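Hello,

Here is the structure I promised to pass on. Have a look at it first, and my notes on what turned up follow below.

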Amino acid sequence: MKEKGKSTFRKIEYHRKESFYLIVRGIEVGIAAGLICVLYRFLLSKAEEYLYTVIDYVKGNPLKTALWLFALALLGAFVSFIIKWEPLSGGSGIPQVTGEVKGYFNPKWWKIIFAKLIGSTVSVFAGLSLGREGPSVQFGAMAAKGVARATKADKTTELRMISCGAGAGMSAAFNSPLAGIMFVLEEIQHTFDKAILCMGIVATITADFVSKIFFGQGTVFSYDTDPLPLQYYWLLIILGILLGVFGALHNIIMVAGQNLYKKIRKVPPWLKLALVFAASGIVGLCIPQVLCGGHSMVDFLLSDHPTIAVMTVLLIAKFFFGAFSFSSGAPGGTLYPLTVLGTYIGAIYGEAVIRAFNLNEGLWDEFVVLGMAGLFASIVRAPLTGVIVVFEITGNMNSLLPLVAVSLVSYAAANMLGVSPFYTTLLEKITDNKNSNEESTKKTGEKILQTYVVPTGSSINGKKISEIDWGKHCLIVSVERNEVPITPKGDTVINEGDELVVLVSQRRFARDRNRLEKIINGE
């Protein structure tokens, strides 16, 4: 028992003096995540290029078209078998990573990478309206897990590396390192952890550097615009409300589509996905702009500046085709497709208000960008990440105030409607599926250190440690207040802003972490 106590003490001391260690780990994670995401981006670019080549080749020829649709059906069946082989490779990838960080899943990292790489590339080649960002987050996390396993990292470090790998994956996908680490803290961790912040910043910057070596340093979307006159800022409130409502509608329809797809039980999964892929082929022949992530839609929007009627048709088509594609469970993300929807909402709104109030035509690009950030905030409920993503992919700081205004209004509007955040809902649906948790029971008795910051308004503020039912498997091992560590005792009073380090058993990690979050956040 004494030896166990000494071991625990040494582990705590080690984690207090790990700055250099975290930087090294961040570099390892960033390189691994960056390289796998670079490979993925390359494969997707080729898949999309060949897709449009095939469409041009078969269009107008009934026999070639029939053969193409049949080939797509076979590819759909193939992807279905891949998902059956590794269930956690289906869908976005972001809720799967969050689930692993919370202790619900423990998949084989190499299996996820292999299955997702093939399944997602094939899905994009088939034209499904899916993006690269969700899979990139999962690739980054699994690459980091592979590094952790190869270097025999302890479980606490492994989970931190997985979180930082997720941020590195987003960084490599969007070329947005700051958004990558903010996404980890705001969407995956839901708390502030200095160790993850340190390792994550290094990992995301390293992954961004690796990505730029291969794809260059240009921003995804460049624009110049005049600032919106202050007397018209009320237009931003209306835009934020519209985006909040649309974001809530997006989440409702996406989840409803998944439920409807699963209710069709008489049709085997391989046949359902085969029909989805064939349907994607038909859509591609009719409206090729809505295929894949949406790069062609953005190019068309910016180069042709279409009419409101054309933009509305494409917006509706992309929205429902995206819901159709994602509901099938095919490997692929939704982040880029949803930002494309946001650009079109912003473009339509901008065109309307510019005409109505005789505003400067140059403001149209501004509304396009505002729509992107606002819809991200309302769907994902990560407004800060949305603002930073848009700032980094545009490289324009002039729109910071309007971006924040629209994002916060959109975020608030979506919350007021009572619709759950998109990835939170997806995680709940995945964790309800016991079959997807195939390896989560294979756990050791190793302890895991978790860090929580007591938020303002927490129900435990002002209470003694002994007055709180932490659970018999959780132990408060450190309290840090104003950068000063305090040895926790039963009569130690917890204050807002305190950083708590909790020792949790891996065997009960998912349950105890969920319990701790509810206790500390006052849910």
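**What I found**

Thr451 has Val501 of strand 4 as its bridge partner. Please keep in mind throughout that this is a predicted model.

Leu500 is worth a look in your viewer. Setting aside residues up to four places away in sequence, Leu500 touches Gln450, Thr451, Tyr452, Val454, Ile460, Trp470, Ser478, Val479, Ile494 and Ile520. Leu500 is also one of the residues with the most contacts inside the largest nonpolar core, alongside Phe277, Leu335, Phe367, Val380, Ile460 and Trp470. That core has 141 residues, and helix 14 supplies the largest share of them, twelve residues.

Now to the helices. Two packed helices are described by the angle between their axes and the distance between the axes. For helix 6 (residues 133–150) and helix 4 (residues 94–101), the axes come within 8 Å and cross at roughly 35°. On the helix 4 side, Ile94, Gln96, Val97 and Glu100 make the contact; on the helix 6 side, Gly134, Val137, Gln138, Ala141, Met142 and Lys145 do. By type, these residues are five nonpolar, three polar and two charged.

Helix 6 also meets helix 7 (residues 155–174), where the axes come within 6 Å and cross at roughly 145°. The crossing is right-handed. Residues on both sides take part, including Ser136, Gly140 and Ala144 of helix 6 and Met161, Gly165 and Gly169 of helix 7. The residues of this contact divide into eleven nonpolar, four polar and five charged.

Gly329 sits in the loop between helix 13 (308–327) and helix 14 (335–357). Apart from neighbours within four places in sequence, Gly329 is in contact with Ile83, Gly90 and Gly91. By contrast, His305 is 24 residues away from Gly329 in sequence and 33 Å away in space, C-alpha to C-alpha.

Happy to talk any of this through.

Best wishes

Methods. Residues are numbered from 1 along each chain as its sequence is written. This is a predicted model: local features need pLDDT of at least 70, side-chain atom pairs count only at pLDDT 80 or more; totals for chains, interfaces and linings use all residues. Side-chain values use heavy atoms; hydrogens and water are left out. Axes are lines fitted to C-alpha atoms, for helices over the stretch in contact, and angles run from 0 to 180 degrees between N-to-C directions. Helices (H or I, at least four residues) and strands (E, at least two) are DSSP runs, numbered from the N terminus. Contact means heavy atoms within 4.5 Å. Ala, Val, Leu, Ile, Met, Phe, Trp, Tyr, Cys and Pro count as nonpolar, Asp, Glu, Lys and Arg as charged, and the others, Gly among them, as polar. A crossing is left-handed if the near helix is turned anticlockwise from the far one by less than a right angle, and right-handed if clockwise. Two strands pair if DSSP finds at least two bridges between them. A nonpolar core is a set of buried Ala, Val, Leu, Ile, Met, Phe, Trp, Tyr and Cys residues joined through side-chain atoms within 4.5 Å. Buried means under 20% relative accessible area, exposed over 50%, partly exposed in between (1.4 Å probe, protein chains only).
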